[in-house]
Amino acid sequence: MIRLDRFLANMGIGTRKEVKKLVSSGVVTVNNIPAKDCGMQIDENKDCVCVANEKIEYKPFVYIMMNKPAGVLSASEDAHGAVTAADIVFDEYGHYGVSPAGRLDKDSEGFLILTNDGDYIHKVISPNKKVDKVYFCLVEKEITLADIEAFKDGIILGDGTECLPAALERAPKEMYEDGENGVLVTIHEGKFHQVKRMFLSRNNKVLYLKRLKIGEVELDESLKAGEYREMTFEEKESIINE
Ligand code: URA
């Protein structure tokens, strides 16, 4: 059970103040009866709530795929006032209070999931769940077979932290320019600056990093940097290894 005004606000109909006005104006019905009290309790799973004859579907969670641009923090809040991924979706989804499922550095780009489903976030980021994340990187030096083997064995970072085995390969030629070194890295954990630090431990340096894939789901190529859309049910489900 949930208060009617909270239900309407959570579904993005307006602020609590705005929905109160809507209720007073008589356009909100609960099971076809005009609602009089915005504080009335409704059963969000059973009751039929309409605004101006349009049914409001109850959606407790939202799962957003964003192509995070460089320069934007993946954190949902930032003490220093920098723009965050949650800020970008705020107008449409602010009422959900979304957080990122895993981080991308400020200068990194690509696939970022934003959701208000804490269990889902845990499943995406927990190394035990083995959800692969695939990154395209431009690195300073060409990779060697020894680098590929070292990634496969599990890199030990500069501070002694051991990484799980990871896959490193040259990226298809069409993904980068002549003279650049494009690689693909697959990991299923997300330590702070992990990919950058993995390359540093091999005396190499990441110059550009973009996340392309989470689990089986690829970043929608039609999303330009800074654009986002809700994930389909199939996408959302297929990312998780149950
Ligand atoms: N690894 C990094 O070093 N940075 C990212 O943003 C993501 C993975």
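Helices (H or I, at least four residues) and strands (E, at least two) are DSSP runs, numbered from the N terminus. This is a predicted model, in which local features need pLDDT of at least 70, side-chain atom pairs count only at pLDDT 80 or more, and totals for chains, interfaces and linings use all residues. Residues are numbered from 1 along each chain as its sequence is written, and side-chain values use heavy atoms, with hydrogens and water left out.

**View 1. The whole chain.**
The chain holds eight helices and 15 strands. Along the principal axes, its C-alpha atoms fill a box of roughly 70 × 35 × 30 Å. Of the 242 residues, 45% are buried. Buried means under 20% relative accessible area, exposed means over 50%, and partly exposed lies in between (1.4 Å probe, protein chains only). The accessible surface of the chain is about 13200 Å², and carbon and sulfur atoms own 50% of it. Such areas come from the Shrake-Rupley method with a 1.4 Å probe; for residues, only the protein chains shown count as cover. Contact means heavy atoms within 4.5 Å. Take the contacts between residues at least 6 apart in sequence: 66% of them join residues at least 24 apart. The chain carries 32 positive and 42 negative charges, and their mean positions are 4 Å apart. Lys and Arg count as positive, Asp and Glu as negative; His and the chain ends are not counted. Each charge is placed at NZ of Lys, CZ of Arg, CG of Asp or CD of Glu.

**View 2. Residues around the ligand.**
A polar backbone atom of Asp105 is 2.7 Å from an oxygen atom of the ligand. An N or O atom in the side chain of Ser108 is 2.8 Å from a ligand oxygen atom. For Gln194, a polar backbone atom is 3.4 Å from an oxygen atom of the ligand. Taken alone, the ligand exposes 240 Å², and the protein buries 95% of that.

Leaving aside neighbours within four places in sequence, Lys196 is in contact with Asp105, Asp107, Ser108 and Val206. Val139 is 57 residues from Lys196 in sequence, and their C-alpha atoms are 9.3 Å apart.

**View 3. Ser74 and the backbone of Leu104.**
Ser74 lies in the loop between β7 (63-68) and α3 (85-88). Its relative accessible area is 6%, so Ser74 is buried. A polar atom of the Ser74 side chain lies 3.1 Å from the backbone oxygen of Leu104. Beyond four places in sequence, the contacts of Ser74 are Lys68, Ala85, Pro100, Arg103, Leu104 and Leu112.

**View 4. Val217 in strand β14.**
Val217 belongs to strand β14 (residues 217-218). Val217 counts as buried because its relative accessibility is 5%. Ile239 is 22 residues from Val217 in sequence, with 6.4 Å between the two C-alpha atoms.

**View 5. His95 and Asn10.**
His95 is placed in the loop between α4 (90-93) and β8 (99-100). At 29% relative accessibility, His95 is partly exposed. A polar atom of its side chain lies 3.3 Å from the backbone oxygen of Asn10. Leaving aside neighbours within four places in sequence, His95 is in contact with Ala9, Asn10, Met11 and Gly12. Tyr228 is 133 residues from His95 in sequence and 17 Å from it, C-alpha to C-alpha.

Asn31 is not a glycine, yet its phi is positive, about 50 degrees. Asn31 lies in the loop between β2 (28-30) and β3 (33-34). Its relative accessibility is 37%, so Asn31 counts as partly exposed. Asn203, not a glycine either, has a positive phi of about 55 degrees. The loop between α7 and β13 (206-214) holds Asn203. With a relative accessible area of 60%, Asn203 is exposed.

Key: Polar contact = N/O pair within 3.5 Å; in protein donor to acceptor, adjacent residues only side chain to side chain.
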